[in-house]
Amino acid sequence: MRFEERYGEAVTDSAGKDDYEHHGGFPRYTPAEVGPEYGRLVDALRTLQDLAVSTAPTPEVIEDAAERVEALIDLLKPFAVPEGEQPAGRVLSLPGRGSLLMLPWTVEKFDAEGVRSRGMFRRYHLGGNGAAHGGTLPLLFDDLFGMIQHAYGRPISRTAYLHINYRKITPLDTELVVEGSVDKVEGRKTFISAVLKDREGTVLADCEALMVQLLKGQP
Ligand SMILES: CCCCCCCCCC(=O)SCCNC(=O)CCNC(=O)[C@H](O)C(C)(C)COP(=O)(O)OP(=O)(O)OC[C@H]1O[C@@H](n2cnc3c(N)ncnc32)[C@H](O)[C@@H]1OP(=O)(O)O
């Protein structure tokens, strides 16, 4: 798959070329083609997640909500598919690639020099006292690092370690930017670092990680 197809205008000519000969045991993932209704569903589900962790309804409303969610489960259950066939995580135009697990951030630069993504932590990501939960930052960085090593043209790798420095409180509902790049390559090892900043350029967190290229058949 060409990087232009993957990330559209965020891609420049320097984007690396991945080699599917070296994907370890990973299946080949392709972008999903979906209509606008998919983005609408994911957006509604994200708002539902925010509300699920920020409301205190009456018992009657809770019962009503439970019945509606159970009806939604019954609606979707017959459409379960194996990993790699679901649109979630494969819709590159949507925040978080359409995956509810991923932070709803949008990639705005994707090439061999690095990857930059912009977005917000929402109420769903609350840790305490108005700040993002500390565990949501590794999720943001780890997913970014996967994209960075891919944009650099490195074969499929897994994170061996990830070190975060939490420099300042990470606020909710505030536009932030995260950017990182490959620092060094040594054989199977790719060393990557990234920085999370607010719009004023204040560093909220920085992170460095080692990703190790998978050997043939490695899970
Ligand atoms: C399009 C699809 C895109 C998909 C992208 C996928 C991105 C996924 C990103 C992830 O989040 S993966 C999930 C979290 N990570 C894991 O679950 C990884 C679990 N660990 C492993 O599978 C293995 O430990 C690993 C593949 C990372 C390495 O095991 P190996 O047995 O293949 O390697 P080995 O232990 O021989 O180490 C290779 C080199 O890395 C070094 N190394 C490994 N782990 C290290 C560590 N923790 N700290 C420092 N160095 C480390 C090790 O010293 C050695 O260095 P040298 O070559 O210089 O001797």
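Predicted model: local features only at pLDDT ≥ 70, side-chain atom pairs only at ≥ 80, totals over all residues.
User: Which elements does the protein chain have, and in what order?
Analyst: The protein chain has 4 helices and 6 strands, and from the N terminus they run α-α-α-β-β-α-β-β-β-β. Helices (H or I, at least four residues) and strands (E, at least two) are DSSP runs, numbered from the N terminus.

User: Why is Arg97 called buried?
Analyst: Buried means under 20% relative accessible area, exposed over 50%, and partly exposed in between (1.4 Å probe, protein chains only). Arg97 has 16% relative accessibility, so it counts as buried. Arg97 is in the loop between helix 3 and strand 1 (106–111), and it has a positive phi of about 55° although it is not a glycine.

User: Why does Asp173 count as exposed?
Analyst: The relative accessibility of Asp173 is 53%, so this residue counts as exposed. Asp173 sits in the loop between strand 3 (157–166) and strand 4 (176–186). Its phi, near 55°, is a positive value in a residue other than glycine.

User: Why is Ile73 called partly exposed?
Analyst: Ile73 has a relative accessible area of 42%, so it is partly exposed. Ile73 lies in helix 3 (residues 59–76).

User: What makes Leu48, Val69 and Ile73 a patch?
Analyst: Like charges are joined within 9 Å, and nonpolar side chains (Val, Leu, Ile, Met, Phe, Trp, Tyr) within 5 Å. Leu48, Val69 and Ile73 form a nonpolar patch on the surface, with about 230 Å² of accessible area together. Accessible areas come from the Shrake-Rupley method with a 1.4 Å probe; for residues, only the protein chains shown count as cover.

User: How do you know that the span of helix 4 is close to the expected one?
Analyst: The expected span is 1.5 Å times one less than the number of residues. Helix 4 (residues 136–151) has 16 residues and reaches 23 Å from its first C-alpha to its last, close to the expected 22 Å. Its buried residues include Leu137, Phe141 and Leu144.

How values were computed
Residues numbered from 1 in each chain as written. Heavy atoms only, no water. Patch = residues over 30% accessible without salt bridge, like charges linked within 9 Å, V, L, I, M, F, W, Y side chains within 5 Å. Salt bridge = Lys/Arg side-chain N within 4 Å of Asp/Glu carboxyl O.
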